[in-house]
There are 2 protein chains.
Amino acid sequence: MNLPSPYALFVGDADPLTAKTAAGIAYWRPERCVAQISLPGCSVDLKMPTLSPAAAAAAGARLLIVGLADFGGAIAPRWVPTLLEALNAGLDLAAGLHHRLADMPELAAAAKRLGRNLFDVRQPRPEQTPFATGEKRSGKRCLSVGTDCAVGKMFASLALERELRRRGVAADFRATGQTGIFIAGSGVSVDAVISDFVAGAAEALSPANAPDHWDLVEGQGSLHHPAYAGVTLGLIHGSQPDALILCHAMGRDHIDGYPSYPTPTLERAIADNERAAQLTNHQARVVGVSVNTSKASEQDARDYLARIQDRLGLPCCDPVRTGVAPIAEQLLRTAATT
Amino acid sequence: MNLPSPYALFVGDADPLTAKTAAGIAYWRPERCVAQISLPGCSVDLKMPTLSPAAAAAAGARLLIVGLADFGGAIAPRWVPTLLEALNAGLDLAAGLHHRLADMPELAAAAKRLGRNLFDVRQPRPEQTPFATGEKRSGKRCLSVGTDCAVGKMFASLALERELRRRGVAADFRATGQTGIFIAGSGVSVDAVISDFVAGAAEALSPANAPDHWDLVEGQGSLHHPAYAGVTLGLIHGSQPDALILCHAMGRDHIDGYPSYPTPTLERAIADNERAAQLTNHQARVVGVSVNTSKASEQDARDYLARIQDRLGLPCCDPVRTGVAPIAEQLLRTAATT
């Protein structure tokens, strides 16, 4: 799936908490965004012009992305007039919700009539996905894994892409979730892939490349999550990662929404993820730990990161607070010796 | 998915190798089958009357099952006249192939006109599947796992169901693949489930039950398979097995179709499967090893089973050659002490 750009980010009447997708796109790819499009009551400020769909199109936008989530993953009826306006103004539409744009009769009819595209990035496309071959391919890959869902795996992979590029290393973020796909402009929503094809989808997402090129593959779920570990394992095997970054949220002591499931210790998570990854890449090693410390004070966060780093003997960073330079260094060092 | 019965087994012009689904149903559920339906050139003998669709219907059949596989998982055009005859005779149709009965315009139209059902058991039904809760439920579960695909997991689970029932233990086989679903008359084709829902589908398949009741859950894939391990892990987590049976094919030294992937040692397979299963059930233990020794002589097979049993300290059987009584005993013993 390849998305047209530049983007106009539709944030509806969202507050910052429900517009995380738009915020992620604006943070990581400001150069790809020309406008935000809001409804009355919106409290989201993405630091870009707030325009009508027609004005956004005039400013160069080619795609409106639904950048907020409503209850249950629906396309809310109150958004539809604006989405129709966008189609009429010449924009394609994209969303990554459970409900599909293509299943909204008004939108489907208007898109058809006007010759516009509707991109539902969460939808499976099994017919285009091959089974995994397990065969080694050229190029280097780094996959983010986690002690739980929602611990900053996408953020860590993007931060590492930025850090490697800054050092002149060829590197590409490979998206596996909705927000990541909007940021990258392409990708595969692996949690929507038919289970038999997950590893194959991960292979296709990070194909053979130049020997020194790094793919930074966005991880999903956690090997220690009672509902989603299978998705994680398929992604690990298909990515054949040379390097893993373990992601964690400071203070998260149980799997979110599953109070009887403690998060694994970092040591356990490292051992289990390396063991799983070594099935398809014997070299696979965790090269750093990325922690979301946003809920802690500066001092507590720094102490925590230092303590973990001592304990594990691996660079331990918060991508927002400290950057990931030490992890990039460790990754390049490890790759040079294998 | 609940299938009507009795069955008429359609074997087309198959030979025994391509009619494995029909053979499995006939072997495990002869009481559910009234006829085989063949085309000229068929060399399959399921030890039941060969009837026309109309005669099968007259003999009580309610469902024709496509019990053979053609190249690429298609519904072969040469089968269609017989399938139409069956619809006209009052039978529903079922298949577990990659291509769907419902996608064949002639069959779909006839079924609609006549009010018959088309059951495509391999098709995903995400909208009906919940996410996994990870919550402990009553009843006992035993899952078959393997060193590879196609090592006798379905067979081992069915043999154990039969052995437990013989001992008066309440037990039900739970099907996760096409042939298993036809044998059980219900089930979920987990390899066709959207990846996010695999563990949830496994929970739904083996729901809470009486404390002494055993579900024998049919395993899929292998934790050590580079393409399908994610399916296996989701099934392990959702099944929350108290007991695992490890299945292996004697002499299989690499993953079928993946020559650079050796099959794991039995010790490694036991350790990794127990470790994975203990996330959702701390009691999970491998209680026996089931080996397909069909390619070996009687003496070689018996020697092999004895050697493995000594080495692992676990009962080691070939369900066909020796039966699985020792595994059933070990399973009941283990359950009694936990």
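**Talking through a two-chain predicted model**

Mentor: Let's start in the middle of this predicted model. The largest nonpolar core has 223 residues, and those with the most contacts inside it are Ala8(A), Leu9(A), Leu93(A), Ala8(B), Leu9(B) and Leu93(B).

Trainee: What does Leu93(B) touch, leaving out residues up to four places away in sequence?

Mentor: Its contacts are Leu64(B), Leu83(B), Ala86(B), Leu87(B), Leu101(B), Leu107(B), Leu118(B) and Phe119(B). As a rule, nonpolar side chains in soluble globular proteins tend to be buried together.

Trainee: Why is Ala175(A) called buried?

Mentor: Count the neighbours. The cut-off for buried is 20 or more other C-beta atoms within 10 Å. Ala175(A) has 27 of them within 10 Å, so it is buried.

Trainee: Where does Ala175(A) sit, and which residues is it in contact with beyond four places in sequence?

Mentor: Ala175(A) belongs to the loop between E7 and H6 of chain A. Its contacts, leaving aside neighbours within four places, are Gly180(A), Ile181(A), Ile183(A), Ala184(A), Ser186(A), Gly187(A) and Glu218(A).

Trainee: What makes you say that H1(A) is largely enclosed?

Mentor: In H1(A), 7 of the 9 residues are buried, so the rest of the structure largely encloses this helix. The buried ones are Thr21(A), Ala22(A), Ala23(A), Gly24(A), Ile25(A), Ala26(A) and Trp28(A). Their cover includes strands E1 (7–12), E2 (33–38) and E3 (63–66), along with helices H5 (153–166) and H6 (178–184), of chain A.

Trainee: How is chain A divided into domains?

Mentor: Domain 1 covers 7–120 and domain 2 covers 140–336. Their C-alpha centres in chain A lie 29 Å apart. The contact between them takes 8 residues from domain 1 of chain A and 7 residues from domain 2 of chain A. On the domain 1 side, helix H1 (residues 20–28) of chain A gives the largest share, 4 residues. By class, that side has 4 nonpolar, 3 polar and 1 charged residues.

Trainee: What makes E7 and E13 of chain A edge strands?

Mentor: Look at the open sheet of 6 strands in chain A, ordered E7-E8-E6-E9-E12-E13 with parallel pairing. Strand E7 (171–174) and strand E13 (316–317) of chain A each have a single partner strand, so one side of each is left without a neighbour in the sheet.

Trainee: How do you know that E9 and E12 of chain A count as paired?

Mentor: Pairing needs at least two bridges. Here 7 bridges join E9 (residues 243–249) to E12 (residues 285–292) of chain A, so these parallel strands pair. Ile245(A), for example, stands opposite Gly288(A) in E12(A).

Trainee: Why are the two chains said to be related as by a two-fold axis?

Mentor: A rotation of 180° with 0.0 Å of shift along its axis superposes chain A on chain B, with an RMSD of 0.0 Å. The copies are thus related as by a two-fold rotation axis.

Trainee: And how do you know that the copies meet through the same surface?

Mentor: Of the interface residues of chain A, 100% are also interface residues in chain B, so the same surface is used by the copies. The contact takes 28 residues from chain A and 28 residues from chain B. In chain A, helix H7 (198–205), helix H8 (229–239) and strand E11 (258–262) each supply at least two residues of that side. H8(A) gives the most, with 6 residues. By class, the chain A side has 18 nonpolar, 8 polar and 2 charged residues.

Conventions. Residues numbered from 1 in each chain as written. Chains lettered and ligands numbered in written order. Predicted model: local features only at pLDDT ≥ 70, side-chain atom pairs only at ≥ 80, totals over all residues. Least-squares fit on C-alpha atoms with pLDDT ≥ 70 in both. Contact = placed C-beta atoms within 7 Å. Core = buried A, V, L, I, M, F, W, Y, C linked by C-beta atoms within 7 Å. Buried ≥ 20, exposed ≤ 12 C-beta atoms within 10 Å, placed from the backbone. Domains from an automatic or database assignment. Nonpolar A, V, L, I, M, F, W, Y, C, P; charged D, E, K, R; others polar.
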